[in-house]
Every structure is written in structure tokens, then in C-alpha cells.
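Please open the model in your viewer and keep the selection tool at hand. The tour below moves from one selection to the next and says what is there at each stop.

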Amino acid sequence: MGRTRGFWILLIGLAAAAGSGACGTTPQQPPNIILVFSDDHAFQAIGAYGGRLASLNPTPNIDRLAREGMRFDKSFVTNSICAPSRAVILTGLHSHQNGVMTNVEQFDGSQVTFPKLLQGAGYQTAMVGKWHLKSDPTGFDYWEVLPGQGVYYNPNFRTVDGNVRNEGYVTDLITDKALGWLDRRDPEKPFMLMYQHKAPHREWQPGPDHLTTYAGVSIPEPESLFDDYVGRTSAAAAQEMEIDRHMTFGYDLKLWPNTFRPDEGLNRSVENFRTRMTDEQRSAWDAVYGPIAVDFNAANLSGEDLVRWKYQRYMQDYLASIKSVDDNMGRLLEYLEANGLADNTVVIYSSDQGFYLGEHGWFDKRWMYEESFRTPLLVRWPNVVTPGSVNTDLVQNLDFAETFLDIAGVDVPAHMQGLSLVPLLRGQRPANWRDAVYYQYYEFPGTHAVQRHYGVRTDRYKLIHYYLINEWELFDLQADPHEMKSVYDNPDYADIRRTLEVRLTDLRTQYAVPDDSQRR
Ligand code: SGN
Ligand code: CA
């Protein structure tokens, strides 16, 4: 399966002889690949995607990938949660095939993964940062990962030599390690680096450089901040991810001392992570958060005013955490330029899934609704991707493995279930490109109480089945882009509903999805 260095020399020689080197330049070796991957980074919080936050939340370095590469606007996950998304990316298989259906299962690292195949083809491979798959990473020459979710300040990292505490802020440390590995690698061989942030995952702790970046900034609210969940199934109202009822004061909003809601308990307290900080980090932190708690206690808010205040605090910390991700993207891009690597390195930015920034009154993810089903995808591939291009085809994280193998010129195993995005990156849409994507979420009962569901999305419609309670939703995304009113029972949509039901059954057959209706 693997390809040798001799293969590459032959391939490059043939390409040069055929005059097919991209834009007349012949790369020295197969492209390097860097996947810059963050955790819970909503497309709504990336400048290049526009939207209500774009003007006050510039992400200039991440946006460079869109300006110099391709922005995918219909990029989806197969299962909107962390470990499953990562397992899908490594294997090119849906969750029911790779065995990681929820955050609970351990990844079976003996499976075929794209890093192993690249390694076999002569690539140097590395995995740095959030991993979350429990078993030791396989298929990497070098790995250094956060245990579990990791922490923001002074995190431990797991390595082959054990678990080591590092001093500093996690986003900066992960970048230091990624750039350190690039420095140490063999420059004669191509590389593939998975550079994966913890940020901006809950509990959204800003780094020392951005503690005050959004202080006092008023963030626009989404229209559905006070959603009443009418017009959808019982699942929407039964979740536990509301800013109002489920976001905690001590832990999420970092009020300290946590006098407002002592019932949240110590493990829900900012005190937990303050103790891990150095004296210097803690005084900088307290100088910002101390007065916020004092003002909050004095304001004595309730009802909608309280929800609005929580939303602002949440967003200020979430966006500030992203600032460090963006700064560090700047460091990476500068490094590539300074080291002559920019032209022959494909840089991809994505996240394990999207996130709710107050839409439907929520934080977190899990749903097949757009905010969490969609995930950012930006790809810079100099001399191949047209700068500033935008793609609106249906693509998924299921496609990453095949895409990376294709970029490297490595054969794609027949059992993988995605599609290579390389033709789309070249601006050549295959005539038979997929017309629908399949989704399934399994973690129920579980954190945030989102019902199990599967569904199909086409360019315009989305059909969702909450199969344990046998309730259905159908959305016309053109008429109702925010998915506020299901038209499942609307007779005007009867034909569309039937067509989608057939398409859903076909997809379940195509992907060999087993019946999950009895699982509890
Ligand atoms: C933690 C968070 C949840 C989050 C899950 C999964 N709670 O349990 O809010 O949904 O992780 O996130 S917390 O109290 O620990 O912050 S995932 O990105 O890893 O899937
Ligand atoms: Ca996540």
C-alpha cells in the first residue's frame, strides 16, 4: 500500500516531463500536510465566514487561509461530538464502523488510519495537542497529547515517556511543540502534522494575552436567544445546554469567589482551575475576574437580563480563547514562510464540530442543526487552490482521510467511506458528487441530554429522526435557515418528505448502519 521515495522521484519526474507541474513550478517533494484543528470552534466565530460576529471578532490569521485558499461553506461532521469526530477523521469511516460512537469508547488504534498510510509512504507524521481517543496514538513518529480534555493553564502532556506538567497557556504550548517538531524533522522527507488545540472548548479560559480583549465589548445576540422550542420535537425542549438553566456561574462564567450559587459545588467552581495557576497567572486572572464578580453580585440580575448577561460573559471568554488560536495560526504561517515551506505545504483549518453561540438559547453541540452540524473548513494549497475561492458542495469530515491520502498520492483503501476533496480543491466538481450527507448522534443518555438522532441533509432540506422516541423533524433550510419550525407534518412538503425518507434509508444501507433503536 505504501509508496516509496523512489515512487515520488518517478512521479515528480513524470509530472515535470509532462509539463504538468502546478503553474509551471515543480515541487521538490510531495506536499506537506498540516491539519490545524481546534475544539468547538463555531464557523460563526471565524471572520472569513462573516455573520453577526465578524466585525468584532476578526481572526486575521485563520482568515488568511480563506483569502489565499478555499472556504467550504457546506462542510459537515458525521456525529457532532469530539472523540467520534476525531475517529472519523483518522479512519475515513462513520462512527458505527470505527467503533467510537460517543466520548466514552476507546479508539482501537490497530485500525487502518490515514497517518499510518502516509507513514508507510515515507511521510514523517506527528500528532500534537488534543487527542481525546484514550488509547495511545498510532501511526505517528512523534506524539505529545493532552490527557483527556486537558486543561488551559499549565497542562500535563502525555508522551511515550509518561505524563509531564508544562508551564504556560495550552494554545501557546501546543504551538511550541508543533514548531519544535518541525524544526527537528528530517527536511528531506515530506511531513504530515496534526496540530490540534484544546481551545475554545468549555470552559473557555482566555490566555494571559487576551484576558481583557473583550472586556466591556457588547456582543450581538442571536435572534433565537430566547427560543421557546415550539415547532420542533420534544427533544429540543428536553436538552440540558441552555445558557439560562445549565450554564454555571462559578465554572463557566468564572465568578469568584463563587458566592452566587454555592449549590454548583466545588467541581463547578473557578477555584478548581485557579489553584493550578502560578502566582503570576493567578494575579493577572483575579485582576480581571474579581471586579466582574463584584459588579455582577451588585447588579442582582434576573430573568432575561440575567440570560443576556450570561451570554455576554460566555461570548467574551469564548472569543478571547479563539484569539490565541488565531495568534498561533499566525506563528505557524510565519514559520512556514521563514523556512521556505509555505509553497509546498497544504494547510487545513477545521474543528471537531460546530458550536452554539447562543442560537436556540444554547451552548455546546451534538445536534444535527446547522450550528453544530457544520464545521469550519479552510484549505490553503498554493498553486493548486484558487485564492479566495468558495465551495458550496456537501462535504464532511468523513472525507479528510481520503483527501490527505490523495494529496500525498497514496492509494485510498476501498473500505473508506468518504470522498477525496482534491477535485473540488482543484476547482473541478465531479458530475456525480454526493447530493446528500448522513448524520448520526449516539450519546444519550449523556451530558447535555440530547436525544439520539440520525438524519439526511441535502442542499436544501434536512430530515431528522429522533429514533428512541420516534419523533421526526423536517426543515426547509431555504425558507427557515435557523430551523425554527419543522414542516414534517405540513402536507405541502409530503412529497419532499417521502423523497428524503427514501434517501435516508438508502444512505443507511450504503454506509451499513446497524439498527440502534434498542440501545440504551
Ligand atoms: C465536557 C463538558 C461538556 C461537553 C463535553 C464534551 N463539560 O463534559 O460541556 O459537552 O465535555 O465535549 S465540562 O463541565 O467538563 O466542561 S467534547 O468536545 O469533548 O465532545
Ligand atoms: Ca469538541
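A polar contact is a pair of N or O atoms within 3.5 Å; within protein, one must be able to donate a hydrogen and the other to accept it, and residues adjacent in sequence count only if both atoms are side-chain atoms. This is a predicted model, in which local features need pLDDT of at least 70 and side-chain atom pairs count only at pLDDT 80 or more, while totals for chains, interfaces and linings use all residues. Residues are numbered from 1 along each chain as its sequence is written, chains are lettered from A and ligands numbered from 1 in the order in which they are written, and side-chain values use heavy atoms, with hydrogens and water left out.

Select ligand 1 to begin. An oxygen atom of ligand 1 is 3.0 Å from a polar backbone atom of Cys 82, and another stop is Gln 149, where a polar side-chain atom lies 2.7 Å from an oxygen atom of the ligand. With Lys 130 selected, you will find a polar side-chain atom 3.5 Å from an oxygen atom of ligand 1.

Next, select the calcium ion, which is ligand 2. Which residues coordinate the calcium ion? They are Asp 39, Asp 40, Asp 352 and Gln 353, with distances of 2.1 to 2.9 Å, where donors are N, O and S atoms within 2.8 Å of the metal (3.2 Å for Na, K and Ca), and the site may look incomplete since water is not among the atoms. Both Asp 352 and Gln 353 are buried (under 20% relative accessible area, with exposed being over 50% and partly exposed in between, for a 1.4 Å probe and protein chains only).

Now turn to the salt bridges, each a side-chain nitrogen of Lys or Arg within 4 Å of a carboxyl oxygen of Asp or Glu; the structure holds 36 of them. Select Asp 459 and Lys 74, whose closest N and O atoms are 3.0 Å apart in a salt bridge. Because Asp 459 lies in the loop between strands E14 and E15 and Lys 74 in the loop between strands E2 and E3, the pair ties together parts that are 385 residues apart in sequence (strands, E, are DSSP runs of at least two residues, and helices, H or I, of at least four, numbered from the N terminus). Asp 459 is partly exposed at 47%, whereas Lys 74 is buried at 19%.

Finally, select Arg 331 and Asp 176, which form a salt bridge with closest N and O atoms 2.7 Å apart. Arg 331 lies in helix H10 and Asp 176 in helix H6, so this pair ties together parts 155 residues apart in sequence.
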